[in-house]
Each structure stands twice: as C-alpha cells, then as structure tokens.
Amino acid sequence: MSEHQFVPQVEIFDTTLRDGAQGEGITFSVQDKIAVARALDELGVAWIEAGNPGSNPKDMEFFRLARDLGLRTSKLCAFGATRKKGVTPQEDMNVRSLLQAETEAIVLFGKSWDLHATEVLKVSLEENLAMIRETIAFFKDAGKTVIYDAEHYFDGWKANPDYALSTLQTALEAGADRIVLCDTNGGSFPDSVEEGVTQAIRLAARSAAPALKALNRGIESEKGNEQGNEAALYELAGRLVGIHAHDDAGMASANSVLAVKAGARHVQGTLVGFGERCGNAALAAIVPSLELKLNLRCLPEGRLERISELTRRVAEIANVAVPDGMPYVGSHAFAHKAGMHADGILKIRRSFEHVDPARVGNDRRFLMSEVGGRSAIAERAKKIDPSITKDHPVTAAVAARLKTLEADGWQFEGADASFELLVRRELGKYKPLFSIERYRVVSEHPASDGTTCSNAWVKVKVDGTTEIAAAEGDGPVNALDGALRRALERFYPELGRVRLSDYKVRVINGNDATAAKVRVLIESTDGESAWTTVGVSTDIIDASRAALVDSIEYKLIRDIERRFKAYL
C-alpha cells in the first residue's frame, strides 16, 4: 500500500498554516509555509489546511508553488467562507478564488449559531442555510472534496439546537464529505462536546447524504441482524463528523479526545497548539493519546516516533518554543527529579510514566539536583559509558561534585547539556575542542541611530590555530555569541545552523545587590533538537560565556559521535 493509500482510523487535519498563523506573534513567509507543509507530510497527517487564497497574495503564491511539492501522505486544502449574502457562488470572487488553489479539497466555514446569522452576517436563518447549501453544491459540481466547518457549532447548539442541527443537515444534503463541529470560542466543556457530537452523528446516520450513501454501499449487502447493521451505520456516520476545538478554557485536548470517543473520526488542530487567543487543540498532544491509549491509528506506520522531532521543527520555523510542559513532546514530559521517582522508573518504567517516551520520539530525563539520587546520575552517565552503575566510583564523584556546585549557585536540573559535560569530565572523556584566548564586549548607549548596540571581539584557538572575529548584536550576549560562532565556523561549519532560542538570568542571592551571583541558562537549537546549558558568575557576561562555551561544545561532541556511529 502506498502512503497516499493509507487509510487512518482517525483523520488528522492540521491547520497550522491557516488557523495557527492567526496566533499572536506567528508569521509565515511563503518558504516557511512550504517548510511546515513538508514537515507535516513527513509526520503523515491526512490533511493540511494551507490558507485562504482569496484573502492575500501570499497564500495564492503558496498554492502555486505547492503544486510541485510532491507530498507523499498529506493532501492540501484551501480555506474560505460560504458565499456572501445576495450573490450566487459563481458571482462571489472569494468563493471562485478557492478553485484557483487547485487543491483536491475545499474547507468551507459557515454559521451554525443563529446569533451569528442574524446579528453578525445580518441575514435571515433561511438565507444562511441557502448560503451553506449553494456554496457546497458549487464545489461538489466542480469535483471537489468539501469539508464543512460548522463555525460556533457548540454555542449555536446550546442556544438553538434545532437550527444548529439543521445547518449540518443542509451541509450533508448538499454533498459535504465532512461536517466539522467547531468550538470556535473555546469555552465548551467535554460533556457538552460529547453530547453535541453524539447528536451530530445520529443526524448523519439518519441522513440520505451522498457521502453516507457512498460509505454505506457495502452495508446493505452484508448479512447480519438489524442491530449489527445499525451499529455499522453509526460507525460510518462518525467518519463524516469531525471536531475543531480551541483552548480558551484549557480543554481543547480533552474535548477532541471525547469527540473521538463519542464516534467522530476527524480531528482538527495545530501541531504545536498555537493559534488565535489561547490557541487551538494541540495535535502533538492529541495524536499520541488516540494511538497509544485508544489504539486508533492516525498516522502511517513509524511516524508517531517522529512527532517530538517534527513538532520542534514546526515550532522552530514559527520562531516559537515547544512548551516545556507540553504532553508527550515537551522537554518536561518525561523528566524526573525526586530520587524516589527516579529509582522507581529504573526498576519499573511504568511506575512513574504513562507511556514509553521512545514511542513518541522523546527522551526520559533525570533532572540532576541534590534530591535526584545516585540512581538518576548513573542512568544519565550510562549514555556516555554503559558500564556505569549506581555504586560506580564515578557516580559518587559526580554526586559529590554536583552538591558542591549547587551550593555555589549552579543548577543542572534544567541544563542537561552542561550536566553531560560534567559527567564526561569526571569520566576522563572530555577534551576541549577550542579555547577562548581573549574576548571583549562593549555596549554603546545610545548608538548613532538612537538604538542600543553591542560589539564583541573574540580570539579563539583550535588545535594550535588562532582565529579572531567580531560581531554586533542587540545586546552583549547576542554580540558575544555571534563573534564566538563566527570565529569557530571556520573550523566547525555546522555551527552555522545553531542559534540561541532562549536566554534566562536568575539572581542567586539578592542580598548582595549588584555584586550578587547570577545564573544564566541558555537554550540553543540547530533546528532539529534543543539543549540547555548553564553558567554562574558574579559577572553576567562571564556567566553567559560559560553557558555559550558549553552549548557549542555539546553540539560539536554530539555531532562527532553521531558521525562516528554512522561510520561504524
């Protein structure tokens, strides 16, 4: 079976490029949109909602370029509204522009809440139904798959259930291939979503909709009792029904899963969860639950193991960070700090983990602190030397060193990369790959154009060869980072892909005022993975330098070992 022929038990529909782009601070260039689409195709989602070609030239340009994308699993959708009042679909330029995208599927949104029809669109309830019916029929006549988004469905269903259901009935009778129930305001509770989905599926099961007739062709010829056929019909009807949840009440993931448990077989969201206001349902948190907890296949074989990696990639393209506490894929999802928890994990994995992190491509992390215990230290050290045990002398040495450093203000629970370098030093498996001979950082306040400008100069030595480089930056640390990597790229070109993604400063002892020590945490990324390092000093620039050096050395050591394993 080819990847395009893969039939999921639950269709995953990603709207990062359209709904996600409405999130505050999220902007995609055309090339960004291409990169996101490739990443989603690698993950194996069924549908990618890529934008509204009638709303801006950038989306139309994307659809033009996307014809040559050669997606292996996913199919693109163009998104738009039902026709305007008082015109036919043929006369509505925005409706007609959707055909120019040349996608297999069209996503149409229409109003299911009578309030929106009469007070926002200023049309009668009958005219709203006609807008839905005529626009869907227009695209079905054009040979398109039509996914109908019933906007504000749950609010409309609560206010006027008969009318909300009539909009769904109209969409089905017009030929819609999917009816998606939208919690557009994001305030619905799971019990309401479950009941609303159940009613929609019952409606679909009773419908004479063309899509259901196509799905039902095989049922009429099957033998079996009437109850069995009714159950099969209900299951088929669920394939017509989808959920689109927003997270304004913090329930988007729960609402999506409850909708599936109620029978819906189409789930919409954004991979990382960003979107308008509080965001959309996060598919990276929902898909693993559906596959691992409900045994419902959403992605082709082998794709779930890449969901952490690809979620980070999409976040990187959007210039945001994956939330540390995001279920399944966040850096904290499988992090253990307490010694009792670490010991329990090492004895019986499931004692403190609900799934194996490897199944979603994430890593188990033991946070290094004075409460972590030797079991956690030994488990981390095994990644470097498999012979290390809880009672190994190196484990005791690392534990003692850890406590000394933490008493001096260092903290490694959020700086795994620095801790790994610490272990390597104790094991005698650390050799500096470069040294900083001298550096200087100067800030100008204000610069000639009225802004603040910093300049850094650095001299490094690699295998006896020196290199000098300088750089400007928005601040002293940004300038030092730029100068250091510019000097080292001559020797290590791979550093050109590395950038700082987060920078945190903590004052360790505020009683010392401006003479207090500071702890600097730097998160770096190469677009595929992220790592965090730490530095401590009474000088914030020197603390930053220590964290920067660890960040670069960790990246270089990891790449060297990766190439060595590939060679073997």
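Colleague: Is the crossing of helix 3 and helix 5 left-handed or right-handed?

Modeller: The crossing of helix 3 and helix 5 is right-handed. Bear in mind that this is a predicted model.

Colleague: Which residues make the contact there?

Modeller: On helix 3, Val-95, Leu-98 and Leu-99. On helix 5, Thr-135, Phe-138 and Phe-139.

Colleague: And at what angle do helix 3 and helix 5 pack?

Modeller: About 25 degrees, with the axes 11 Å apart. Helix 3 covers residues 93–100 and helix 5 covers residues 125–141. Angles under 35 degrees count as roughly parallel, so helix 3 is roughly parallel to helix 5.

Colleague: Switching to rings. How many aromatic pairs does the count come to?

Modeller: The count comes to 7 aromatic pairs. One of them joins Phe-138 and Phe-139.

Colleague: Why is the pair of Phe-138 and Phe-139 edge-to-face?

Modeller: The ring centres of Phe-138 and Phe-139 are 5.0 Å apart and the planes are at 80 degrees, so the pair is edge-to-face. The cut-off for that label is over 60 degrees.

Colleague: Is Phe-138 buried or exposed?

Modeller: Buried, and so is Phe-139.

Colleague: What about Tyr-153 and Phe-154, how are their rings set?

Modeller: Their centres are 5.1 Å apart and their planes are at 75 degrees, so this pair is edge-to-face. Tyr-153 and Phe-154 are both buried.

Colleague: Which residues do ring pairs link into a cluster?

Modeller: Trp-410, Phe-412 and Phe-419.

Colleague: Now charges. Which ring does the charged end of Arg-18 sit over?

Modeller: The ring of Phe-79, at 3.7 Å from its centre. Arg-440 has its charged end over the ring of Trp-457, 5.2 Å from the centre.

Colleague: On to helix 13. Which of its residues are buried?

Modeller: Helix 13 spans residues 307–317. Its buried residues are Ile-307, Ser-308, Leu-310, Thr-311, Val-314, Ala-315 and Ile-317.

Colleague: What covers them?

Modeller: The cover includes helix 1 (30–43) and helix 12 (283–293).

Colleague: And what follows helix 13?

Modeller: Asn-319 follows, with a positive phi, near 60 degrees.

Colleague: Last bit, the whole chain. How many helices and strands are there?

Modeller: The chain has 19 helices and 16 strands. Of its 568 residues, 53% are buried.

Colleague: What share of the contacts with a separation of 6 or more comes from residues 24 or more positions apart?

Modeller: Those residues account for 68% of such contacts.

Methods. Residues are numbered from 1 along each chain as its sequence is written. This is a predicted model: local features need pLDDT of at least 70, side-chain atom pairs count only at pLDDT 80 or more; totals for chains, interfaces and linings use all residues. Side-chain values use heavy atoms; hydrogens and water are left out. Rings of Phe, Tyr and Trp (its six-membered ring) pair if their centres lie within 6.5 Å; planes under 30 degrees apart count as stacked, over 60 as edge-to-face and the rest as tilted. Buried means under 20% relative accessible area, exposed over 50%, partly exposed in between (1.4 Å probe, protein chains only). A charge sits over a ring if NZ of Lys or CZ of Arg is within 6 Å of the ring centre and within 35 degrees of the ring normal. Axes are lines fitted to C-alpha atoms, for helices over the stretch in contact, and angles run from 0 to 180 degrees between N-to-C directions. Helices (H or I, at least four residues) and strands (E, at least two) are DSSP runs, numbered from the N terminus. Angles under 35 degrees count as roughly parallel, over 145 as roughly antiparallel, 65 to 115 as roughly perpendicular and the rest as oblique. A crossing is left-handed if the near helix is turned anticlockwise from the far one by less than a right angle, and right-handed if clockwise. Contact means heavy atoms within 4.5 Å.
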